Amino acid sequence: MTFHQPRRRGGPKKSGPPRGRTEAPRRPPELDPARVAALETLRAVRERDAYANLVLPKLLRERKITGRDAALATELGYGTSRAQGLLDAVLAACADRPLSEVDGRVLDVLRLGAYQLLRTRIPAHAAVASSVDMVRVEAGGGAGGFANAVLRKVAQQDEQAWVEQLAPPADTDPIGNLALRTAHPKWIAQSFADALGGARAELADALAADDARPGVHLLARPGEISADELAAITGGDVAPYSPYGVHLESGDPGELDPVRQHLAAVQDEGSQLVAVALSRVPLTGSDQRWLDLCAGPGGKANLLGSLVAIEGGTLDAVEQAEHRAKLVRQATEGLPVTVHVGDGRDSGLPEGSFDRVLVDAPCTGLGALRRRPEARWRRKPEDVGGLTKIQRELLRAAMTLVRPGGVVGYVVCSPHLSETVGIAVDTARRSKAEVLDAREYFPGVPDLGDGPYVQLWPHRHGTDAMFCALFRRPEE
Ligand SMILES: C[S@@+](CC[C@H](N)C(=O)[O-])C[C@H]1O[C@@H](n2cnc3c(N)ncnc32)[C@H](O)[C@@H]1O
């Protein structure tokens, strides 16, 4: 059974509200469309490895869920996904069996219920009763009784008290403590700490920024519309750092006329900044052939293609996955961009022939966790090794494709040192490339550290945590 058409049952609710919290409702609340959409999102993420930020908006559109209901579904669906590790720790403390023995469909509801109890102002009785109803519809009365018992225990204290009870002690395990507090896996909190160099207060800010709802960032396509014009049309604000950026508080950017007309696109300001930095490095000699070696789905190819078009040049864009190459073609329509489907490590493109090369390598994506609710629980530390191998190989290929005197930008959306400084230092050592001080090409952006690499951060810059290293191939 799905939750599309919830069964309604009459009669008084057998189980009362959590003691000491609120008044008893007369009858169980109906399964409202917002909670159902949030729950189905959780299930799609768990069962199909789906992406919450693709599933939920589609459900809302299909079911015509708008306004306050859409906001509630988004808060519950994304919030529960983000907080999963913390919620599971609390649920495990309240259940009479290991969570691994709980039916996945029931666990989804328990997580949704626990999220409402701990991280929203939804009254406890509504959170518990609606969850129990959902479990009964899905898994029967026995499971409903189990859910009721577990969630009543969850409701006995607030998030803060649960964290005090369950988190490792801050004095002996400060990272573990902070990780549970901010609902991050410890290895990710540790990787942030490593990248920040051990400043504990800043680590808390960095982890907290991952939970803040990100605004919408737009790219005003160079040569098509200015950031000022785009801001005026959309009611947004000109971005603080990117000359092509506009920020909106919220909303569906797909509904905006400039986006529909292909004058603007959705792109995080950090992504804009790293692409623009590559374009800003001065070159002697030709500057007509640019290359994007990992182009899908085409955000930076769109920006670089627009910039090189103004100079009368061209961009080659390589993407391994056919379906993502198609997205690059769509994103760069009308621009002097040639899309190649293939492996950037062995592209067959002529060596030593490109003036600027971008390697926006596949990575853990730990720098964009705020935009991908479930990603922090899906990613595993063992993913890093395989990714760094590909990153190193792609960057090595870029060093042969760029012409002598040309420039290569290495970019990842991650602050993990193995993917960032580790790759950059290793490449500099092996390739004899000149390492440029990337900070020079981020004018006006504060708090960029000691260089020569640039690491952007949500809590410092309001951008995704993009990393950028710039290299110049020596003249021969
Ligand atoms: C971080 S994303 C690039 C994002 C893109 N530059 C943008 O701004 O929209 C990395 C891309 O590299 C692609 N990729 C992975 N391995 C590759 C390889 N060996 N050669 C080329 N592309 C690869 C992935 O399919 C993915 O689309």
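The buried residues of α19 pack against α18, β9 (402–412) and β12 (467–472). Here a residue is buried if 20 or more other C-beta atoms, placed from the backbone, lie within 10 Å of its own. The helices (H or I, at least four residues) and strands (E, at least two) are DSSP runs, numbered from the N terminus.

A quick word on the model: it is predicted, with local features needing pLDDT of at least 70 and side-chain atom pairs counting only at pLDDT 80 or more, while totals for chains, interfaces and linings use all residues. Residues are numbered from 1 along each chain as its sequence is written.

Back to α19 (residues 421–431): its buried residues are I423, A424 and T427. Looking down the helix axis, they fall within an arc of 95° (taken from the directions from the axis to the C-beta atoms), so they line one face of α19.

Now for C413, which sits in the loop between β9 and α19. An unreviewed UniProt entry annotates C413 as "active site"; such annotations may be inferred rather than shown by experiment. C413 counts as buried because it has 26 C-beta neighbours inside 10 Å. Beyond its neighbours within four places in sequence, its contacts (C-beta atoms within 7 Å) include C363, G365, D464 and M466.

Then there's the ligand, surrounded by 20 residues (C-beta within 6 Å), with C294, G296, G299, G344 and D360 the closest.

| Element | Residues |
|---|---|
| α15 | 299–310 |
| β6 | 314–319 |
| α18 | 383–401 |

Methods. A residue is buried if 20 or more other C-beta atoms lie within 10 Å of its own, exposed if 12 or fewer, and partly exposed in between; C-beta atoms are placed from the backbone. Two residues are in contact if their C-beta atoms, placed from the backbone, lie within 7 Å.
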